[in-house]
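Have the sequence and the model open side by side. The text below walks through a few local features, one at a time.

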Amino acid sequence: MARKDDLGRAGERTAEAYFRGRGFAILDRNWRCRSGEIDLVVADAETIAIVEVKTRRTAAFGHPFEAIGSQKLHRLHQLAREWRAAHRELVGGRTLRVDGLAITGDPAAPLRIEHLRDLA
Amino acid sequence: MSLARTWAISLVGIEGVAVEVEADLSDQLPDFRIIGLADKALGEASQRVRNACANSDVPLPSRRLTVNLSPASLPKHGSGFDLAIAVAALATQLPLSADALLRTAHIGELGLDGRIRPVPGILPAVVAAARAGLRTVVVPRANEDEAALVPGIAVVGATSLGDVLSRHGIDARLPDAEPVHARADQALAPEALDLADVVGQDDAVAALLVAAAGGHHLLMTGPPGAGKTMLARRLPGILPPLDDEAALAAASVRSLSGHAVTDLSRVPPFEAPHHSASAAALVGGGSRVPRPGAIVRASEGVLFLDEAAEFATNVLDALRQPLESGSITVHRAGYTASFPARFQLVLATNPCPCGNRGLRDAVCECPPQAVRRYRNRLSGPLLDRVDIELTLLRVGRVPEERGRMSSREGAALVRGARERAMRRLADTPWRRNVDVPGTWLRSGPGALPPAARAPLDRALARGTLTLRGYDRVLRIAWTLADLDGVPMPTPDHIGRALFLKRGTVS
């Protein structure tokens, strides 16, 4: 597996720990369908968040969030609808939103984690 | 603080409008939006601002920045908003004083390295900032001298974005490069144009004095080489110097035309557009950005149309309305802009297409209808507004070197005459003889006794003078009296006025 994929996996594990530490339950990870893949689905009492995790070793090639363009965002919303359709029993009246999590630095000991809620 | 505000100035014609620049930082994916009717140059500000901030070591936050330019319905153009946008955007996350930002207008274009580049139209923009009650205006260092001409507002000349931020108490990197200097304007050394250079045209010089003293529009007809252009170019030198308001208005127009303005010139402007000029070039135009035309640049000064009969007739007739109202309003699909256009019109024309008509030692080969057509290029309504019609001939002999009037002497005479006219017209809305309407001259408090008017009344009865011409002769007569320092025109003044109205000068 390429180094960049290792980095991505490591980042997603860091993201899981981040959400667990804030009282979220992990509902799903690396869920795939025809439209693409969701990195992480987490939930608390009121909301379910579809999370896109972006990991960068340095910010030299741009901020991690800059890699989420308008097309990617559009697809994330599409994926959120498809995930909900496939997991009606898990949703239970909670609202769905799309979150972004940017990890900069070594995923094992990240320099900075930034969390954007409810991307529109 | 996720919301920050400061001020910039948008120019519509020569009028500036204070524009509130609000920046909002929201927790969304990185984006930079500028809303509020921005044009292409202004829309590209987001790129310049992002790079300038990064290169000043104060990168913009990687979140969504929305910049709103209010009033949102006013179309805005140009790159002068860059600095205000950058400061407002940075203030959403840096501890800049909100109060200080709200009392300050920021004007300037940013380079990618964070240096501030000069923009045109600083003078009217700073005037507008002062009028809007702002305390401080930050301008490009290259425009500082120009901005400092405006009283009642503190001017800060900044070299770079880092410089501006450090004045607000934020540490930022200053670019290594030299500050951007103003484009070196080839300073037009004021030519030494003295009235004393005019030889052998003493009567024409006297007529020029009358035109200057009363503000009368002037038409000079004469063969090539008679000195028409020479005379016209010496008119600004004998006009009274501009007062503060007029000087600021004239400088604002120069600034708007992209000239570097570093001092407030008191010399009335002189514009001499070429006869191929279009109506838009003369009155102003431009499809998106209103640009002042020649008559606007000549405002408070002299508009000289050499070879007036060679101008297109529609161009000449476009002058009629501004001559009447003293201003010009340019209407385009996207905007309406008003400019001042208080100019003194000086027309010069040849007597016929070949220019030889009326000369003793030359033959005019123009057919009569060509001459008539040539003269008719100047329409009746336009000539109606011209008080003095002067016919010049070539100088026939080399005159002796003695006692010619210098510009300094002429200016003193003109100033004296203007002061007398202003004292006489103190209770009226008019300041110069040319502004006074005919009814006031004929039947107002300043009407002449019948005895003094007798030669005029006879001419009117004979039909050699129209009523409008009658008024013009009266106006010139008053100016002549003012020049001579007498309280009321004498029959001699009336006679000379009749001569200037349609006279021949040898």
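B:P368 is exposed: 8 other C-beta atoms lie within 10 Å, and a residue counts as exposed at 12 or fewer. This is a predicted model. B:P368 sits in helix α16 (residues 368–376) of chain B. B:C352 is 16 residues away from B:P368 in sequence. In space, their C-alpha atoms are 9.3 Å apart.

Stay in chain B for a helix pair. Helix α18 (residues 407–424) packs with helix α21 (residues 467–484) at an angle of about 115 degrees. Their axes are 8 Å apart. The crossing of α18(B) past α21(B) is right-handed. On the α18(B) side, the contact involves B:L413, B:A417, B:R420 and B:A421. They meet B:T479, B:D482 and B:L483 of α21(B). By class, this contact of α18(B) with α21(B) has four nonpolar, one polar and two charged residues.

Now turn to chain A. Helix α1 (residues 3–21) has 19 residues, and at 1.5 Å a residue it should span 27 Å. The C-alpha atoms at its ends are 27 Å apart, so expectation and model agree. Which residues of α1(A) are buried? They are A:G11, A:T14, A:A15 and A:F19. Viewed down the axis of α1(A), the buried residues fall within an arc of 135 degrees, so they line one face of the helix. That buried set packs against β1 (25–33), β2 (36–43), β3 (47–56) and β4 (95–104) of chain A. On the other side of α1(A), A:D5, A:D6, A:A17, A:R20 and A:G21 are exposed. Just after α1(A) comes A:G23, with a positive phi of about 85 degrees.

Technical notes
Residues are numbered from 1 along each chain as its sequence is written. Chains are lettered from A and ligands numbered from 1 in the order in which they are written. This is a predicted model: local features need pLDDT of at least 70, side-chain atom pairs count only at pLDDT 80 or more; totals for chains, interfaces and linings use all residues. Helices (H or I, at least four residues) and strands (E, at least two) are DSSP runs, numbered from the N terminus. The expected span of a helix is 1.5 Å times one less than its number of residues. A residue is buried if 20 or more other C-beta atoms lie within 10 Å of its own, exposed if 12 or fewer, and partly exposed in between; C-beta atoms are placed from the backbone. The arc is that of the directions from the helix axis to the C-beta atoms. Two residues are in contact if their C-beta atoms, placed from the backbone, lie within 7 Å. Axes are lines fitted to C-alpha atoms, for helices over the stretch in contact, and angles run from 0 to 180 degrees between N-to-C directions. A crossing is left-handed if the near helix is turned anticlockwise from the far one by less than a right angle, and right-handed if clockwise. Ala, Val, Leu, Ile, Met, Phe, Trp, Tyr, Cys and Pro count as nonpolar, Asp, Glu, Lys and Arg as charged, and the others, Gly among them, as polar.
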